[in-house]
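Please open the model in your viewer and keep the sequence panel beside it. The tour below goes from one selection to the next and says what is found at each stop.

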Amino acid sequence: MRFASLGSGSRGNATLISQGKTTLLVDCGFSARETEKRLQGFGLDASELSAIVVTHEHADHVNGVRVLARKYQLPVYATAGTAGCMSADLVELITEFSCHDVFEIGDIEVHPFPVPHDAREPSQFVFTNGQHRLGLLTDVGTVTPVIEQALSQCDALLLEANHDIDMLDNGDYPDHLKYRVAGRLGHLNNVQSATLLEKIDTTHLQHIVAMHLSEKNNSPDIVSPLFAQALQCEQSWISIAKQDTGFDWRETING
Ligand SMILES: [Zn+2]
Ligand SMILES: [Zn+2]
């Protein structure tokens, strides 16, 4: 399974998952034009996408979904709650899924799971090709047993490390935004994510990428050592997805 990110953070998110003839775009938080441009950087034309899978309706995840899906007639997968927040002229392209049921898109099996976040019916995913498991978790305020179970024994993990608590506390966000971000329906701080890594089975892990870092309230220099400590690995093995460039194609391989 191959995967890449077009960009990750509060100014837009979009992740590519590719297996065989199937390429999924998970979220499309950039404008359609910007997404087309970034896709070209990864050697892809938007017409080659198999589908857009949406985690939740926040703008940094759906900004370009409507225009891109309509222009290229791409199927859009979303929960009923997320779909209910989408534009009416997207209805014919939407396939609703349940957070509790596995579904297939071409060569990729999608295992959704529900997450606590301040959206209508947010979902995150494990993608499998029958051999490897790729877990994606961003936009989550609290780690639940369901999340721990879903992300155990993954071969690749794309894991939110949104903020450092002290940087958020001392930063210049207004109080209501600080409470939102740090709250139980907000975003994972670095320690929450590192604790999750310590707790789950990471014996199969080939790739770890920290996602959705706050540009104001976090730094790779804080995330990398924390994640390395949690995984008992070299810091150089920890990757960080960037807002402007995401990260380049990676691939899970047979061990
Ligand atoms: Zn987000
Ligand atoms: Zn969100």
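Select threonine 128 to begin, bearing in mind that the model is predicted: this residue has a relative accessible area of 7% and, since buried means under 20%, threonine 128 is therefore classed as buried. Threonine 128 belongs to strand 9, and, if its neighbours within four places in sequence are left aside, its contacts are Met1, Asp107, Ile108, Glu109, His111 and Arg133.

Next, select aspartate 101, which sits in the loop between strand 6 (94-96) and strand 7 (103-105). With a relative accessibility of 46%, aspartate 101 counts as partly exposed. If you again leave aside neighbours within four places in sequence, the residues in contact with aspartate 101 are Val110 and Pro112. A distance drawn from C-alpha to C-alpha between aspartate 101 and proline 112 gives 6.9 Å, for two residues that are 11 apart in sequence.

Now turn to the metal ions, starting with the zinc ion (ligand 2). Which protein donors surround the zinc ion (ligand 2)? They are His56 through NE2, His58 through ND1, His117 through NE2 and Asp139 through OD, at 2.2 to 2.4 Å from the ion. Along the chain these donor residues of the zinc ion (ligand 2) follow the spacing H-x1-H-x58-H-x21-D, and the angles among the four donor atoms run from 92 to 168°, with the site classed as irregular. Histidine 58 is in the loop between strand 4 (51-53) and helix 2, while histidine 117 is in the loop between strand 8 (108-114) and strand 9 (123-128), so this pair ties together parts of the chain that are 59 residues apart in sequence. Select histidine 117 by itself and you have a buried residue, with a relative accessible area of 4%.

Is glutamine 153 buried or partly exposed? Glutamine 153 has a relative accessible area of 39% and is partly exposed.

For the last stop, select helix 1 (residues 32-41) together with helix 3 (residues 65-72), whose axes are 8 Å apart and which pack at an angle of about 70°. The two helices, helix 1 and helix 3, are therefore roughly perpendicular to each other. Where they meet, helix 1 contributes Ala32, Thr35 and Glu36, and helix 3 contributes Val67, Leu68, Lys71 and Tyr72. Sorted by class, this contact of helix 1 with helix 3 consists of four nonpolar, one polar and two charged residues.

Keep helix 1 selected and show its buried residues, which are Ala32, Thr35, Glu36, Arg38 and Leu39. These buried residues of helix 1 pack against strand 1 (2-7), strand 2 (14-19) and strand 3 (22-26), as well as against helix 3. Following helix 1 you reach glycine 43, whose phi is positive and near 75°, and there the tour ends.

How values were computed. Residues are numbered from 1 along each chain as its sequence is written. Chains are lettered from A and ligands numbered from 1 in the order in which they are written. This is a predicted model: local features need pLDDT of at least 70, side-chain atom pairs count only at pLDDT 80 or more; totals for chains, interfaces and linings use all residues. Side-chain values use heavy atoms; hydrogens and water are left out. Axes are lines fitted to C-alpha atoms, for helices over the stretch in contact, and angles run from 0 to 180 degrees between N-to-C directions. Helices (H or I, at least four residues) and strands (E, at least two) are DSSP runs, numbered from the N terminus. Angles under 35 degrees count as roughly parallel, over 145 as roughly antiparallel, 65 to 115 as roughly perpendicular and the rest as oblique. Contact means heavy atoms within 4.5 Å. Ala, Val, Leu, Ile, Met, Phe, Trp, Tyr, Cys and Pro count as nonpolar, Asp, Glu, Lys and Arg as charged, and the others, Gly among them, as polar. Donors are N, O and S atoms within 2.8 Å of the metal (3.2 Å for Na, K and Ca); water is not among the atoms, so sites may look incomplete. Four donors count as tetrahedral if all angles lie between 85 and 135 degrees; four count as square planar and six as octahedral if opposite donors are over 155 degrees apart and all others between 65 and 115; anything else is irregular. Buried means under 20% relative accessible area, exposed over 50%, partly exposed in between (1.4 Å probe, protein chains only).
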